[in-house]
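Please keep the sequence and the coordinates at hand while reading.

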Amino acid sequence: AAFFAAVPPSGNGGMTLRFMCRSPRRAWLITRGFALRTAASSAADARALFFDEQTRDEDLAAWLPKLAADSRVRLDLKHFNRNLPARAETDSQGRARWVAERGLPTLVCGAERDAVVDAEGVEEMGRFVGSTPLWLPTAHDVMLAAGWELGADALAEWARAACGGAAAYRGS
């Protein structure tokens, strides 16, 4: 199981509060971008939330219509939060039972320039699945933002190691 800039098992609530305390402006950008769906219609908001200044304008222009198409799908947050991996679903070490019981290899990657999932959220996900997070020098959309090759290489290297390949993975 591989997680890139993933919402932690406790959900968005803790991150939302941390963003509100650290930067009300950032909290408003996140709220506006997701709730009002401006990240799907404004290149500036999409760049601020998912990408960064290193992402080429032409790449962002190509992805904006795809973000707009995705934004037409409504997310039932109550249903979403009820179905997140609950902390009650942990073993004696606080790890997800479905990971521990199956002996699944895990990879957790955080983005150093993430504007949506904070470091505490990434660390929480790492503890939940028993993996030390690997930090990538990218923005939130790890597989599309500038530097996406780093995320793809980390995933490929981890998969080779998890499947018994010759490549040695640096994480857990």
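## An arginine and its partner

Arg-22 is partly exposed, with a relative accessible area of 49%, where buried means under 20% relative accessible area, exposed over 50%, and partly exposed in between (1.4 Å probe, protein chains only). Asp-118, by contrast, is buried, at a relative accessible area of 4%. The side chains of Arg-22 and Asp-118 meet in a salt bridge, with 3.4 Å from N to O; the term stands for a side-chain nitrogen of Lys or Arg within 4 Å of a carboxyl oxygen of Asp or Glu. Because Arg-22 lies in helix 1 (residues 13-22) and Asp-118 in the loop between strand 2 and helix 7 (119-129), the pair ties together parts that are 96 residues apart in sequence. A network of salt bridges links Arg-18, Arg-22, Asp-118 and Glu-120.

## Basis of the model

This is a predicted model, in which local features need pLDDT of at least 70 and side-chain atom pairs count only at pLDDT 80 or more, while totals for chains, interfaces and linings use all residues. Residues are numbered from 1 along each chain as its sequence is written, and side-chain values use heavy atoms, with hydrogens and water left out.

## Further salt bridges

The structure holds 9 salt bridges. In one of them, the side chains of Asp-45 and Arg-32 meet at 2.8 Å, N to O; since Asp-45 belongs to helix 3 (residues 43-50) and Arg-32 to helix 2 (residues 24-35), this pair ties together parts that are 13 residues apart in sequence. Asp-45 counts as buried at 9% relative accessibility, whereas Arg-32 is partly exposed, with a relative accessible area of 24%.

Helix 3 also contributes Arg-47, which forms a salt bridge with Asp-57, the closest N and O atoms being 2.5 Å apart.

## Elements and strand pairing

The secondary structure of the chain comes to 8 helices and 3 strands, taken as DSSP runs numbered from the N terminus (helices: H or I, at least four residues; strands: E, at least two). From the N terminus on, the elements run β-α-α-α-α-α-α-β-α-β-α.

Strand 1 (residues 2-4) and strand 2 run parallel and are joined by 3 bridges, pairing being assigned if DSSP finds at least two bridges between two strands. Strand 2 also pairs with strand 3 (residues 134-139), in the parallel sense and over 4 bridges. Cys-109 in strand 2 stands opposite Phe-4, and Cys-109 also stands opposite Leu-134 in strand 3. Because 5 of the 7 residues of strand 2 (residues 107-113) are buried, this strand is largely enclosed by the rest of the structure.

## Cysteines and the chain as a whole

The structure holds 0 disulfides (pairs of cysteine sulfur atoms within 2.5 Å). Cys-21 counts as exposed at 71% relative accessibility, and Cys-163 likewise counts as exposed, at 70%.

Buried residues make up 38% of the 172 residues in the chain. Among contacts (heavy atoms within 4.5 Å) between residues at least 6 apart in sequence, 62% join residues at least 24 apart. The accessible surface of the chain comes to about 9,800 Å², of which 57% belongs to carbon and sulfur atoms; accessible areas come from the Shrake-Rupley method with a 1.4 Å probe, and for residues only the protein chains shown count as cover.
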